[in-house]
Amino acid sequence: MMDRLNGSARLMIVSDLDSTMVDHDDPQNLSLLRFNALWEAYYRHDSLLVFSTGRSPDSYQLLRAEKPLLTPDITVMSVGTEIACGESMVPDAGWEQYLNQRWDRDIVVEETSKFPELLPQSEIDQRPHKVSFYVEKDKALKIIGVLSERLEKRGLDVKIIYSSGIALDVLPRGAGKGQALAYLLKKFESDGKLPASTLVCGDSGNDAELLSVPQVYGVMVSNAQEELLQWYSENMRNNPSIIHATERCAAGIIQGIGSFCLGPNVSPRDIRDFQKCKVDIVNPGYEVVKFYLFYERWRCADIQKSTQHMQNFKSVFHSSCTLVHPSGTEQHIHQCVDEMESLHGDRQGKQFLVWVDRVSSAQIGLDTWLVKCAKWESHGKIVFYHVVLISWDENIIERGRWKK
């Protein structure tokens with residue numbers, strides 16, 4: 001899971017998805033896209049992104065199809081009962097084996113069926129180490145106490161989590177978002193690759209365990225639910241490493257990065273004029289993010305049409321910089337910029353958004369770098385995707401600009 005990094009991650013962000021990374025009240029996904037640009041520009045090359053969600057794998061994939069989520073390095077699903085690594089989402093067999101101790105799903109189903117108040121969640125949310133229900137808040141506490149006793153008498157060691165004022169999950173005792181994170185940190189430490197800093201982010205009761213992990217920074221987004229705020233008030237009020245952000249969802253995560261001084265916290269999407277805002281950065285990902293932001297703004301006419309704008313933009317790239325399309329066709333970057341000129345404003349007034357994912361770079365020669373990324377374009381409800389290769393020849397980086 002750390003193969004793409006040479007050493008320890010500079011920063012590992014572990015974030016819940018619904019109402020934390022993803023704002024379902026933000027139809028344009030603006031705060032999420034702000035985070036995406038920040039991560040790919042400044043963090044992807046030396047840091048780790050972990051999604052920790054209550055969603056099952058199938059439900060998680062549905063969310064990915066709906067929202068412009070980045071590809072995480074690790075995905076923790078089903079309230080910490082499943083860990084998958086990499087883009088191909090390879091299951092962590094060691095974690096599965098650990099959770100099997102004193103767990104019998106059939107017994108859990110049998111005992112919970114004796115409570116008519118428990119309404120089973122959909123099949124998509126039922127998992128090997130997670131049995132999930134809906135139940136009204138005023139009935140939940142009583143059920144949790146009785147059910148825990150009965151399962152213990154049957155020889156099981158379980159944990160019952162109530163969150164969002166309606167969802168009840170029965171898990172193995174060793175499961176949960178916090179335990180999954182502790183397991184990952186232990187693996188990193190045994191490999192000598194413990195992240196320099198870890199920031200956890202959440203909004204609901206099942207995120208309390210994340211915030212309880214020792215030696216991590218934590219941010220509760222401004223829209224955090226009452227159950228999490230009450231837990232914080234009772235348990236962590238005097239912990240300076242946990243904050244209640246004033247910003248919603250992904251914007252609150254960005255705020256957390258800045259509050260704890262964990263790295264850059266100004267998203268390229270918040271920079272309107274890159275000519276006036278110089279950034280000391282030695283990462284090709286920054287230039288790729290900036291390139292496609294200009295492309296989006298140019299086509300939406302958010303940038304005034306002028307020859308000077310185009311010349312300034314071309315000056316960022318060396319004349320030998322090459323774009324490789326998925327078909328294998330190569331095109332000089334300056335030629336791409338020239339062709340963009342006629343596209344000015346062709347998406348004005350439309351829901352046109354562009355973002356990049358999985359930006360990576362490799363030095364393939366003495367003076368040649370190959371940068372690969374997945375580029376997404378959204379035209380309202382239609383989303384286009386392809387992989388792009390960009391080759392820079394005979395260049396070095398100086399103050400965020402590619403120069404010979």
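Two strands are said to pair if DSSP finds at least two bridges between them, and helices (H or I, at least four residues) and strands (E, at least two) are DSSP runs, numbered from the N terminus. The views below show a predicted model, in which local features need pLDDT of at least 70 and side-chain atom pairs count only at pLDDT 80 or more, while totals for chains, interfaces and linings use all residues. Residues are numbered from 1 along each chain as its sequence is written, and side-chain values use heavy atoms, with hydrogens and water left out.

View 1. Strand S3 (residues 74-77) and strand S4 (residues 82-85) are joined over four bridges in the antiparallel sense, and Met-77 stands opposite Glu-82 in S4. These strands belong to an open sheet of eight strands with mixed pairing, in the order S5-S4-S3-S2-S1-S10-S11-S12. Strand S5 (90-91) and strand S12 (242-244) stand at its edges, and because each has a single partner strand, one side of each is left without a neighbour in the sheet. Helix H9 (residues 249-259) packs on the sheet and touches S1, S10, S11 and S12, contact meaning heavy atoms within 4.5 Å. The direction of H9 makes about 150 degrees with that of S10; for such values, axes are lines fitted to C-alpha atoms, for helices over the stretch in contact, and angles run from 0 to 180 degrees between N-to-C directions.

**View 2. Strand S10 and its two partners.** On one side, strand S1 (residues 12-15) pairs with S10 in the parallel sense over four bridges, with Ile-13 opposite Leu-199 in S10. S10 also pairs with strand S11 (residues 217-220), again in the parallel sense and over four bridges, and here Gly-202 has Met-220 in S11 as its bridge partner. Five of the five residues of S10 are buried, where buried means under 20% relative accessible area, exposed over 50%, and partly exposed in between (1.4 Å probe, protein chains only). Both faces are covered, with Thr-198, Val-200 and Gly-202 on one side and Leu-199 and Cys-201 on the other.

View 3. Strand S7 (residues 131-134) and strand S9 (residues 167-172) share four bridges in the antiparallel sense, and the bridge partner of Phe-133 is Leu-168 in S9.

View 4. The structure holds 13 aromatic pairs, counted when rings of Phe, Tyr and Trp (its six-membered ring) have centres within 6.5 Å, with planes under 30 degrees apart called stacked, over 60 edge-to-face and the rest tilted. The ring centres of Phe-291 and Tyr-292 lie 4.9 Å apart and their planes meet at 90 degrees, so this pair is edge-to-face; both residues are buried. Phe-294 and Trp-298 form a stacked pair, at 5.6 Å centre to centre and 20 degrees between the planes. Because Phe-294 and Trp-298 are four residues apart in helix H10, about one helical turn separates them. Phe-294 is buried with a relative accessible area of 10%, and Trp-298 is buried at 0%. One aromatic cluster is formed by Phe-291, Tyr-292, Phe-294, Tyr-295, Trp-298, Phe-313 and Phe-352.

**View 5. The buried side of helix H11.** In helix H11 (residues 307-315) the buried residues are Met-310, Phe-313 and Lys-314. They lie on the same side of H11 because they cover an arc of only 100 degrees around the axis, the arc being that of the directions from the helix axis to the C-beta atoms. These buried residues pack against helix H10 (284-299) and helix H12 (333-340).

View 6. Asn-36 is found in helix H1 (residues 30-42) and is buried, with a relative accessible area of 2%. Leaving aside neighbours within four places in sequence, Asn-36 is in contact with Pro-68, Leu-70 and Trp-355. Gly-192, by contrast, sits in the loop between helix H6 (177-190) and strand S10 (198-202) and is exposed, at 60% relative accessibility.
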